[in-house]
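Please open the model in your viewer and keep the selection tool at hand.

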Amino acid sequence: MWACEGEPAADDPPDWGVYDRPDVQTLQIGPVRWDASASRVAENFNDITHFSTIHRVTFGPSDRPVAPQEVVATDTGFASNISVFQQYRNTLDGSVEEVEAAYRYDFTFPFSCELTITYPDGEIECIQLSALPESATSSLVFQQSARTNLGNDPVEPWRDFQAAVNEEDRVICEALQPREVSFRLEGTGEVALPTDAFSIAYRRLWKSLCA
């Protein structure tokens, strides 16, 4: 169900129809409670710089430089396309071969995003994540995933892998201070880099709406 209080910003909910297709393998995770604000969850999911550190055990790449992320405003949020070097694996004991994958982020304001990953062999994986605020510093996180599954692999190791990746994110999000994201854009003690393009655009949008 997609609900909106007040006048909707768009006529239709996001198009997440890939998760209902009969020709893909799907899974769902959650809801899982994170002691982090929904905005922290949203920023984390759209951040491209933490793969080689937070996700080094799961899929993180080697220490290659991360290209600046170009974020484009859409009618419902933001979109971006970027090439990412990562380990080509979707299980905890899978291959650690490093490949260059095409990442497409489609963010629906305020707390939902779909990431479409296209691998060199043609495999396509979609990960959709939404955060439901419980309080200023806690949220329920829902995830659904779909893949073309060219290798006819079972779903259980894939689900375990996705849950492990989420757990790495949960731990770091809960450790961040301050617990709430500040939309003042100054005096926060945080330093923005070119690779923080999503967070900068996201906070500017929040600031314009809060004003």
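A cavity here is a set of points, on a 1 Å grid over the protein atoms alone, where a 1.4 Å probe fits but cannot get out, and its lining residues have an atom within 4 Å of a point. Grid points are joined across faces, edges and corners, and a volume is the space filled by probe spheres set on the points. This is a predicted model, in which local features need pLDDT of at least 70 and side-chain atom pairs count only at pLDDT 80 or more, while totals for chains, interfaces and linings use all residues. Residues are numbered from 1 along each chain as its sequence is written, and side-chain values use heavy atoms, with hydrogens and water left out.

The structure contains three cavities of 30 Å³ or more. Select Phe-45, Phe-59, Leu-115, Ile-127 and Val-165 first, for these lie nearest the centre of the largest cavity, which 26 residues line and which has a volume of about 310 Å³. Next colour helix H1 (38-46), strands S4 (98-108), S5 (112-118) and S6 (124-135), and helix H3 (155-175), the elements that each give two or more residues to this lining; helices (H or I, at least four residues) and strands (E, at least two) are DSSP runs, numbered from the N terminus. The largest share, five residues, comes from H3.

Now move to the second largest cavity, with a volume of about 40 Å³, and select its lining, which includes Asn-46, Gln-69, Tyr-105 and Phe-198. Strand S3 (77-87) and S4 each give two or more residues here, and the largest share, three residues, comes from S3.

Conventions:
1 Å grid on protein atoms, 1.4 Å probe; cavity = no way out; pocket = protein on both sides within 12 Å on 5 of 7 lines; lining within 4 Å.
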